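Trainee: I would like to learn how to read a few features of a protein model. Please take them one at a time.

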Amino acid sequence: MTLTVLFSARPALWDDYRTVLPAALSAEGIAARLVRMADPAEVDYIVYAPNDDLTDFAPFTRAKAVLSLFAGVERIVGNPTLTQPLCRMVDPALCEGMVEWVTAQVLRHHLWLDRNIGRRAWVQEAPPLARDRRVTMLGLGELGLAAARMLRALNFRVTGWSRSPKTDAGFPTFHGEDGLKPALEGAEIVVTLLPDTPATRGILDARSLGWLAPGAAVINPGRGPLIEDAALLAALDAGQVGHATLDVFHTEPLPPEHPFWARADVTVSPHIAAVSRPATAATVIAANIRRAEAGETLLHRVDRARGY
Ligand SMILES: NC(=O)c1ccc[n+]([C@@H]2O[C@H](COP(=O)([O-])OP(=O)(O)OC[C@H]3O[C@@H](n4cnc5c(N)ncnc54)[C@H](OP(=O)(O)O)[C@@H]3O)[C@@H](O)[C@H]2O)c1
């Protein structure tokens with residue numbers, strides 16, 4: 001039987017996937033036609049990235065899964081019409097990209113690169129070693145754990161925080177609401193790789209920013225709503241936070257009038273920390289479709305109640 005796979009993402013992504021996805025499906029032994037439009041009742045799988053064309057999943061009565069091209073699913077997970085299983089993207093190449101981005105940003109702050117690059121004066125000021133730098137990773141999932149392990153391999157004093165306990169992270173970890181304060185206390189660099197859920201929204205607010213070491217660096221490649229912007233601006237003004245490097249924002253693109261743009265102590269990055277790479281992402285989608293067709297459990301299935 002030939003499956004019908006609906007590609008429902010913004011048009012720019014079609015060119016990235018129109019060839020690699022059918023090839024990946026074929027490599028998995030799946031006969032499928034990849035289409036951008038179809039009778040909803042005839043669609044077997046939906047490959048999805050947020051777009052305005054598809055907001056009502058109810059007519060897709062035959063669809064066995066919605067397979068997200070994105071790691072973050074906050075824009076679809078609460079859709080009341082979505083009754084089909086939802087899988088998020090766990091792409092090894094995306095993960096690799098995130099590890100590189102986080103490592104670069106942490107090293108940049110750790111080594112005071114902003115201060116030292118371009119300084120046309122003989123100032124001998126050596127940064128501490130990584131072994132003396134306290135870095136906290138909020139979120140120890142696919143991305144947070146991989147990035148934290150890279151930082152640990154560089155000898156940073158890494159601490160992690162997650163919802164559930166971790167026993168084999170390779171560095172000290174805390175979990176749950178009560179674990180947030182001990183995880184953040186005294187951190188000189190904090191990286192947020194949490195999903196955007198009701199439980200994580202505003203996790204960095206006036207109170208939690210106050211637990212960091214004075215002058216700490218905040219690096220957010222997770223999601224904008226994890227940080228209360230007003231609290232961050234106040235913490236920057238007070239020197240409690242020395243610098244914020246932000247890849248994600250409450251509103252994207254970041255509006256031109258937003259105060260972040262004008263500040264030397266905020267680095268604005270246009271949501272490029274890590275992207276799904278079509279060659280590998282297509283393989284992940286195809287493998288999941290093969291699993292579903294074989295009656296195996298879907299990988300990376302989103303828990304609707306948790307929101308990630
Ligand atoms: N900027 C970019 O370019 C970019 C690219 C890709 C992804 N992202 C963002 O990165 C996020 C993380 O991706 P991922 O693949 O690592 O996700 P993931 O595998 O689902 O991991 C999420 C982590 O957050 C923890 N967490 C969730 N809710 C929590 C809570 N209430 N309290 C404490 N910890 C909580 C989870 O804890 P448990 O381990 O206990 O479940 C887990 O460790 C995505 O959701 C997305 O928003 C950004």
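Mentor: Start with two helices, H3 and H5, which are oblique to each other. Angles under 35 degrees count as roughly parallel, over 145 as roughly antiparallel, 65 to 115 as roughly perpendicular and the rest as oblique. This is a predicted model, in which local features need pLDDT of at least 70 and side-chain atom pairs pLDDT 80 or more, while totals for chains, interfaces and linings use all residues. Residues are numbered from 1 along each chain as its sequence is written, and side-chain values use heavy atoms, without hydrogens and water.

Trainee: At what angle do H3 and H5 pack, and how far apart are their axes?

Mentor: Axes are lines fitted to C-alpha atoms, for helices over the stretch in contact, and angles run from 0 to 180 degrees between N-to-C directions. Helices (H or I, at least four residues) and strands (E, at least two) are DSSP runs, numbered from the N terminus. Here H3 and H5 (residues 142-153) pack at about 45 degrees, with axes 9 Å apart.

Trainee: Which residues of H3 and H5 meet?

Mentor: Contact means heavy atoms within 4.5 Å. From H3, the residues include Leu94, Met98 and Val102, and from H5 they include Leu143, Ala146 and Met150.

Trainee: How many residues of H3 are buried?

Mentor: Buried means under 20% relative accessible area, exposed over 50%, and partly exposed in between (1.4 Å probe, protein chains only). In H3, 14 of the 19 residues are buried, so the helix is largely enclosed by the rest of the structure.

Trainee: What is found at the start of H3?

Mentor: A polar contact is a pair of N or O atoms within 3.5 Å; within protein, one must be able to donate a hydrogen and the other to accept it, and residues adjacent in sequence count only if both atoms are side-chain atoms. There, a side-chain oxygen of Asp91 comes within 3.0 Å of the backbone nitrogen of Ala93. After the helix comes Trp112, with a positive phi near 55 degrees.

Trainee: Is Thr136 buried or exposed?

Mentor: Thr136, in strand E6 (residues 134-138), is buried, at a relative accessible area of 3%. A polar atom of its side chain lies 2.7 Å from the backbone oxygen of Ala183.

Trainee: Where is Asp56 found?

Mentor: Asp56 sits in the loop between strand E3 (45-48) and strand E4 (65-68). Its relative accessible area is 38%, which makes Asp56 partly exposed. The Asp56 side chain reaches the backbone nitrogen of Ala58 at 3.0 Å.
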